[in-house]
Amino acid sequence: MVVWQTPLEGTEYQSGTGKRHIVGELELAGDNIILRYFQNAQDFKDAINLGFKGFSIFNTDQEIHDTNVMNTLERRIPPRQRTDFDNFLIYHRINPEVRDQMSDFALLGYTGGKLPGDGFSFVHTFEEASIPCEVTIDVAGIRHYKESLPPLETLIDIPVSFKAEPDNPQDSKAIIIETRDGKRIGYVNRAQTDTFNKWLQHYQVEGVIERINGTIDRPNILLYVKVS
């Protein structure tokens, strides 16, 4: 999925709330990569109202783009010839031994392909993941609970649990993430809730806070998750 996160208030988007909008998808079609905007989806329309303009050369007035998509997006992952490329893979829990088997398309999904400032990320939905599996995800909605949490550095290696919230007034598919002592830290990314809800119904899902990136004001909590 292609996700665009609205900047928070105080930026040029004064109505921004930091909400993540699912605005499209990348599709592998043979040897070609297709970008498809979800023009008819409410998330896309809401994003447009908040100032979403799409990728610079892929106009949102056109639903499907199938030319030079990967050539444009590959700058969101480090060049493979960099001496620290293996460290980049290890950081995202990818075994460097498979570096030559993983396409740039796959790397975008597993690493997020984020660049500072534009709000875009690529979210792997894990729909086709074989169980058992191990994945790394980031936590959404931290801003709602950050003030009630202990110092973030003390959360590293803390186990977390996942609980479906079918009565959530904003999203009936929402899944809250809590520490074992009941402290809420945020939510599963909306692009991944369909898969996580299925996992929670049929499998054992365990998580631990692996690392915290970002800044004090805007932290990014990453989880290591095992499904068995």
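The exercises below concern the nonpolar cores, aromatic pairs and charge-over-ring contacts of a predicted model.

**Exercise 1.** Identify the residues with the most contacts inside the largest nonpolar core, and the elements that contribute to this core.

Solution. 
- Step 1: The largest nonpolar core has 26 residues. Those with the most contacts inside it are Val2, Leu26, Leu35, Phe52, Phe55 and Leu73.
- Step 2: The strands that give two or more residues to this core are E1 (2-5), E2 (20-29), E3 (32-37) and E5 (120-122). The helices that do so are H1 (42-49), H2 (69-73), H3 (85-91) and H4 (104-111).

**Exercise 2.** List the contacts of Leu73, leaving aside neighbours within four places in sequence.

Solution. 
- Step 1: With those neighbours set aside, Leu73 is in contact with Leu26, Phe55, Leu108 and Phe122.

**Exercise 3.** Classify the geometry of the ring pair Phe52 and Phe120, and state where in the chain the two residues lie.

Solution. 
- Step 1: A pair of aromatic rings is described by the distance of the centres and the angle of the planes.
- Step 2: For Phe52 and Phe120 the values are 5.8 Å centre to centre and 65 degrees between the planes. Planes over 60 degrees apart count as edge-to-face, so Phe52 and Phe120 form an edge-to-face pair.
- Step 3: Phe52 lies in the loop between H1 and strand E4 (64-65), and Phe120 in strand E5. The two are 68 residues apart, and the pair links distant parts of the chain.
- Step 4: Buried means under 20% relative accessible area. Phe52, at 4%, is therefore buried, and so is Phe120, at 5%.

**Exercise 4.** Carry out the classification for Phe196 and Trp199.

Solution. 
- Step 1: The ring centres of Phe196 and Trp199 are 5.0 Å apart and the planes are at 55 degrees, so the pair is tilted.
- Step 2: Both residues lie in helix H5 (residues 193-202), three residues apart, about one turn of the helix.
- Step 3: Phe196 is buried because its relative accessibility is 0%. Trp199 is buried because its relative accessibility is 4%.

**Exercise 5.** State how many aromatic pairs the structure holds, which residues ring pairs link into a cluster, and which rings have Arg93 and Arg211 over their faces.

Solution. 
- Step 1: The structure holds 13 aromatic pairs.
- Step 2: Ring pairs link Trp4, Tyr37, Phe44, Phe52, Phe55, Phe58, Phe120 and Phe122 into a cluster.
- Step 3: Arg93 lies over the face of Tyr224, at 3.7 Å from the ring centre. Arg211 lies over the face of Tyr91, at 3.7 Å from the ring centre.

Definitions and conventions: Residues numbered from 1 in each chain as written. Predicted model: local features only at pLDDT ≥ 70, side-chain atom pairs only at ≥ 80, totals over all residues. Heavy atoms only, no water. Core = buried A, V, L, I, M, F, W, Y, C linked by side-chain atoms within 4.5 Å. Buried < 20%, exposed > 50% of the residue type's maximum accessible area, 1.4 Å probe, protein only. Helix = DSSP H or I, 4+ residues; strand = E, 2+ residues; numbered from the N terminus. Contact = heavy atoms within 4.5 Å. Phe/Tyr/Trp six-rings, centres within 6.5 Å; stacked < 30°, edge-to-face > 60°. Lys NZ or Arg CZ within 6 Å of the ring centre and 35° of its normal.
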